[in-house]
Amino acid sequence: MKFLKVSNIKLNIDADENTAIHQAMRLSGVTAGDVIDKKIMKMSIDARNKSEIHKIYTVGLLVGEYRKKRKNVAVYDKEPKYIMKCFGTEKPEHRPVVVGFGPSGMFCAYMLAKYGYRPLIIERGSRVDERIKKINQFWEKGILDPECNVQFGEGGAGTFSDGKLNTQIKDKENRIQLVLETFVKYGAKKNILYDAKPHVGTDILAEVVKKMRQDIEKMGGTFYFDTALSDIVFENDRIRSLILSDGARIDTDICVLAIGHSARDTFQMLYEKNISMEQKPFAVGERVEHLQRRINKSQYGFADNRLGAAGYKLTYKTKEGRGVYSFCMCPGGYVVNASSEPAHTVVNGMSYSGRNGTNANSAIVVTVTPKDFPGDNPLSGVVFQRELEQKAFKEGKGLIPIQKLGDFKSGSVSEYFGNVKPETKGKTNFADINKILPDYICRSIKEGMDYFGNVIEGFNENDVVLSAVESRTSSPVRMIRDDKFQCNVKGLYPAGEGAGYAGGITSAAIDGIKIFESIAETYQPFS
């Protein structure tokens, strides 16, 4: 048998998947009788010419013998799939521990459980059902649980975002496919397997992570929710045990630190334990909201949702050399209060699976480097973030500080909204964002917004709504690790976004899978 990958199938926007499959058969020169199996592998939208928008498909066909040579047809002996290559021979003395159940920890724990390593999983936040209740209580009443919020809890920060799964990383080993297929297995819609910009949606992702956790338990994993990591015990530069927030001690040879980018107390503890880490660039800025129909009109030439809610990706370099770009764009979404510390305000974006909210939102952020937060301490970036978040809390009087773009430019506090009304999770208050962000960040955003107005019509209109502060685009810290994914303490594996090695759900999940592979190369499973 042969697997055919037929690419660059250009169809009109009303064409469906069956049309794409029939076109793939025609282009490859096979008949329905030749096809053993078929699947859509990728679908993207080409909207460069607004008068002639196309869907671009890639289709996979499993056939018998195939000897033809056709344009845009790649031939494989079998469909490319993820393959678990080998297991080590060393027997672990204790069960491996995964600290954190965000995307990186979740997929590392899933693979460990699937292949017989019986992991213990420690998560400082609550199970997702209880977590939802606590987050809604914060959004509605302002009551914050510092241990369980938009940043902490089952599924990690990604659970309360758009659930975006697109990534730019290269993937010869088909780990991306493994991640997507796993999400589908536990309840995500099948279109994420082929959409060029796949997303799950917060509403569905909450159920997916719960089902994934339940299966990990069935495969031998054990969970400790509402339990934080307090201390790590080393002996001869090797991990020996973990001390938990309830005073319990867990002996282990293997600890995966998938703590996320907001576990600042854990960063401090690791720094005091002399774990090797360094400062790292990241980005800060604010959220911007537009009417989704305006974004659709600009991107597609029509305002309706026949192609779904349109997204965008924007970049600009200022006259001062600063990078300004859109980040975590949420079509048909909401701006959310994503705070995790008292007297700090942080915003993020999220969408439900239908992406049917009135507004589009994204972060417009500016790159910052260690030069912007001087000092030798690896945690200087955390100090910088906290200062911005404390100013946002003060200026917003404990609520999300919000301002129209025109007033942001003039430095005046807004008094009313225009055509764009904010769509938020969490209450808002008019404020001057110029008093929150440094002058160079404000200048860069204003310059960047005007440039983006030349790219997307209406992007820089005066009634566009801004909210602050978007400070946690990525971790401000990178933990140094070797080619076996271990840090300067053997058996300790910094993982994912918090460790500085990922930038989204999929890349964090893949980092967790890679760490599982490194563990499996050394140790044999328990069963």
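**Cavity and sheet**

Tutor: In the lining of the largest cavity, six residues are nonpolar, three polar and none charged; Ala, Val, Leu, Ile, Met, Phe, Trp, Tyr, Cys and Pro count as nonpolar, Asp, Glu, Lys and Arg as charged, and the others, Gly among them, as polar. This is a predicted model, where local features need pLDDT of at least 70, side-chain atom pairs count only at pLDDT 80 or more, and totals for chains, interfaces and linings use all residues. Residues are numbered from 1 along each chain as its sequence is written, and side-chain values use heavy atoms, with hydrogens and water left out.

Student: Which helices supply at least two residues of that lining each?

Tutor: Helix H2 (103–114) and helix H5 (202–218) do. The lining residues include Met106, Phe183, Leu205 and Ile505.

Student: Switching topic: what's the strand order in the open sheet?

Tutor: The order is E14-E15-E18-E13-E22-E19-E21, seven strands with mixed pairing; two strands pair if DSSP finds at least two bridges between them. Helices (H or I, at least four residues) and strands (E, at least two) are DSSP runs, numbered from the N terminus.

Student: And which are the edge strands?

Tutor: Strand E14 (315–317) and strand E21 (428–430), each pairing on one side only.

Student: How many bridges join E19 to E21?

Tutor: Three, and the two strands run parallel. Proline 401 stands opposite asparagine 429 in E21.

Key: 1 Å grid on protein atoms, 1.4 Å probe; cavity = no way out; pocket = protein on both sides within 12 Å on 5 of 7 lines; lining within 4 Å.
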